[in-house]
Amino acid sequence: MKTLIIVKTSHQGFHSWENAVGTFDWLLNKKHRHIFNFILEVEVTDDDRQIEFFDFKNKVDIALRILFKDAHDPLYLNFNGCSCEHIAKQLAKQLAMGDELKSISVFEDDENGAKVLFNDN
């Protein structure tokens, strides 16, 4: 049996996808705003978990600010040309948690997104 703790956070941010093809390429290849929603799953080994929810959420929020701080507006994150998948992978690298990090999901406006699994999930 495995136990995972789950932490969710959200941030206002901007990004673009300059190689977008399809119906909405006129929008996607220009800088546009979303509420980015993050869901992270971490394995713990017992019911007295190794990391507290609040501490982990703070660690995630700080890592996002370090990686994607907007130089012009502290209320927003600037993901530049990053996709949801790319954001998740960069965040995982910044968190440097090892095998206990199991997944990171990143959603745009809590609708569409990507889930990246780590460590053979």
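Visitor: What follows α3, and what is its phi?
Guide: Ala96 comes after α3, with a positive phi near 45°. Helices here are DSSP runs of H or I with at least four residues, strands are runs of E with at least two, and both are numbered from the N terminus.

Visitor: What kind of model and numbering am I looking at?
Guide: This is a predicted model, where local features need pLDDT of at least 70, side-chain atom pairs count only at pLDDT 80 or more, and totals for chains, interfaces and linings use all residues. Residues are numbered from 1 along each chain as its sequence is written, and side-chain values use heavy atoms, with hydrogens and water left out.

Visitor: Back to Ala96. Where does it lie?
Guide: Ala96 is in the loop between α3 and β4.

Visitor: Is Ala96 buried or exposed?
Guide: Ala96 is exposed, because its relative accessible area is 63%. Buried means under 20%, exposed over 50%, and partly exposed in between (1.4 Å probe, protein chains only).

Visitor: What about Asn80, what is its phi?
Guide: Asn80 has a phi near 50°, again positive in a residue other than glycine. It sits in the loop between β3 (77–78) and α3. Asn80 is partly exposed, since its relative accessible area is 48%.

Visitor: Now α3 itself. What distance separates its end C-alpha atoms?
Guide: The ends of α3 (residues 84–95) are 16 Å apart. The expected span is 1.5 Å times one less than the number of residues.

Visitor: Which α3 residues are buried?
Guide: Cys84, Ile87, Ala88, Leu91, Ala92 and Leu95 are the buried ones in α3. They lie on the same side of α3, because they cover an arc of only 135° around the axis. The arc is taken over the directions from the helix axis to the C-beta atoms.

Visitor: What covers them?
Guide: The cover for the buried residues of α3 includes β2 (32–44), α2 (53–68), β4 (101–108) and β5 (112–117).

Visitor: And α2, how far does it reach?
Guide: With 16 residues, α2 reaches 22 Å from first C-alpha to last, close to the expected 22 Å.

Visitor: Which α2 residues are buried?
Guide: In α2 these are Phe56, Val60, Asp61, Ala63, Leu64 and Phe68. Their arc is only 160° around the axis, so they sit on the same side of α2. β1, β2, β3 and α3 are among what covers them.

Visitor: What does the face of α2 turned away from that side carry?
Guide: Phe54, Ile62 and Ile66, which are exposed.

Visitor: How many salt bridges in the whole structure?
Guide: A search finds 4. One of them joins Glu43 and Lys102 at 3.3 Å, N to O. Glu43 is in strand β2 and Lys102 in strand β4, so the pair ties together parts 59 residues apart in sequence.

Visitor: Is Lys102 buried or exposed?
Guide: Lys102 counts as buried, because its relative accessibility is 7%. Glu43 is partly exposed at 23%.

Visitor: And which side chain does Glu52 meet?
Guide: Glu52 pairs with Arg49 in a salt bridge, 3.0 Å, N to O. Glu52 is partly exposed at 32% relative accessible area, and Arg49 is also partly exposed, at 28%.

Visitor: New topic, Lys31. What is it in contact with?
Guide: Leaving aside neighbours within four places in sequence, Lys31 contacts Phe14, His15, Ser16, Asp70 and Asn78. Contact means heavy atoms within 4.5 Å. Lys31 lies in the loop between α1 and β2, and is exposed at 54% relative accessible area.
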